[in-house]
Amino acid sequence: MDEVRPNNGPAVAPGLASIFPPGLQAIYGECRRLYPDQANPLQVTAIVKYWLGGPDPLDYISMYRNVGCAAQDVQEHWHYISFGLSDLYGDNRVHEFTGQEGPSGFGFELTFRLKREVGETAPPTWPAELMQGLARYVFQSENTFCSGDHISWHSPLDNSESRIQHMLLTEDPQISPVHTPFGLVNFLQIVGVCTEELQAAQQWNGQGILELLRGVHVAGGPWLITDMRRGETMFDIDPHLQERVDQGIETEGSNLSGVSAKCVWDDLSRPSEDEEDSRSICIGSQPRRLSEKDTEQIREALRKGLEFNTKAALPPINSQKQGHDRPQSRKDSLESESSAAIIPHELVRTRQLESVHLKFNQESGTLLPLCLRGRLLHGRHFTYKSINGDTAITFVSTGVEGAFATEEHPYAAHGPWLQILLTEEFVEQMLGDLSELNTREETKLPKEYSWPEKKLKISVLPDSVFDNPLQ
């Protein structure tokens, strides 16, 4: 449980500053620079700290009143700043100290800007719980965020009836990166968006949508302030913005390289009783576990993975362990550092499959046109990683280097990781056949699509099939 209290930390006499953790003091210093007249802001504080067994990773969330900037058409708002994703203490109680030159902890803190309603004298505290939820995800998954990322939340951020149900992330427009004794801290701002805006970010890219939102005052404006009472999308406010998005998708494609999803695949080319050779991943079965090398490659594809490289390539399956120059417990969100072709390790068996059946829930199925039009037609790849196990499905185009699926053998697998290579001609055909998935109306399920000449079948199934696999 958290409590709200005034923050007395920053106002102590300079001689007593040494009793405060250096990482905490460094961030406080940046806050004091930005808000010199608010030395003691309200804070939401974790009663039992995470490092003492508490549930909340953020030790503190400070809440400031920001008067905005009339010259830039920035409205008054509340400004929330987290403390805890970076290394506040430097004694390994939460984060492994890796030196001053690299990132501090996860390398960032979260911020949020919420429109101040007329008559509001104190900041709402629900954003603190939202930030704690995102921090729990980071600590549990060890995946970090970066500017341009999107977060599918599927619920009003404040648990109201608001249309603001998802998030984008961007650099905070006012807070500069802070160099602490324990490394560098960047500040990523949460931006609340509608479903249509999230979908546009998926189909194109987050940075492009953020730039459009900056130009619409009521949808965020220059500092991207979230208004939970906003009832219209930016496309409702300015219909011409949809043309900008469509043009961006056509010329640049999508930079979304993968999603966590409800999905499975079946190998239809082996008899089910052949346990030695058949390794189909079926609902209700126990899939073989991904190797460390395969897992890391999929994680790379699911991060930012080769967004606008002129020559797309999957991150290599490397036979050596992770380098010692990066802490093993930290995963970053940068592009893959290598564009070399994959040379499978001699002990990793690649299986060529004759026929496959892919199964997705509706949310994952609606991303298939994005996968095909926004990624494969631009020479890239797209990965679905199952949230229910180790299953992964990666679609690759003929321009992607390093894939173990080839034009001669378009379906290939490493354990439960399936790769499917699709030619441009087949992608165009599939887009036509899957066109109904582009509509915003819910499709009646189950839906099946089949290409017998390609020995490929895709089913879009209800969530219950994936949530209750043994029923």
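The points go from the basis of the model and its overall figures to individual elements and residues.

1. Basis of the note. This is a predicted model, in which local features need pLDDT of at least 70 and side-chain atom pairs count only at pLDDT 80 or more, whereas totals for chains, interfaces and linings use all residues. Residues are numbered from 1 along each chain as its sequence is written, and side-chain values use heavy atoms, with hydrogens and water left out.

2. Overall figures. The protein has 11 helices and 19 strands, taken as DSSP runs numbered from the N terminus (helices H or I, at least four residues; strands E, at least two). Of its 471 residues, 52% are buried, where buried means under 20% relative accessible area, exposed over 50% and partly exposed in between, with a 1.4 Å probe and protein chains only. Among contacts (heavy atoms within 4.5 Å) with a separation of 6 or more, 69% are between residues 24 or more positions apart.

3. Six strands form an open sheet in the order 10-14-15-17-16-12, with mixed pairing; two strands count as paired if DSSP finds at least two bridges between them. Strand 10 (258-261) and strand 12 (351-352) stand at the edges with a single partner strand each, so one side of each has no neighbour in the sheet. Within the sheet, strand 15 (residues 392-397) and strand 17 (residues 417-422) run parallel and are joined by 6 bridges, with T394 having Q419 as its bridge partner in strand 17.

4. Helix 9. Helix 9 (residues 368-375) lies across strand 14 (381-386), strand 15 and strand 17, and runs at about 155° to strand 14, the angle being taken on a scale from 0 to 180 degrees between N-to-C directions of axes fitted to C-alpha atoms, for helices over the stretch in contact. Because 7 of its 8 residues are buried, helix 9 is largely enclosed by the rest of the structure. L370, one of the residues of this helix, is buried with a relative accessible area of 6%. Leaving aside neighbours within four places in sequence, the contacts of L370 are Q202, Q203, S254, L256, R375 and F382, and its C-alpha atom is separated by 9.4 Å from that of I249, which is 121 residues apart along the chain.

5. Nonpolar cores. A nonpolar core is a set of buried Ala, Val, Leu, Ile, Met, Phe, Trp, Tyr and Cys residues joined through side-chain atoms within 4.5 Å. The largest has 35 residues, and L358, Y384, I393 and F395 have the most contacts inside it. Another core, of 29 residues, lies apart from it and includes L58, Y80, F139 and C194.

6. With 5 of its 6 residues buried, strand 7 is largely enclosed by the rest of the structure. Strand 7 is joined to strand 6 (residues 150-152) by 3 antiparallel bridges, and pairs with strand 9 (residues 183-193) in the antiparallel sense over 6 bridges, where H166 stands opposite V193.

7. D172. The side chain of D172 reaches the backbone nitrogen of Q174 at 2.9 Å. Not counting residues up to four places away in sequence, D172 touches H79, T111, R113, F187 and Q189.

Note on methods:
Polar contact = N/O pair within 3.5 Å; in protein donor to acceptor, adjacent residues only side chain to side chain.
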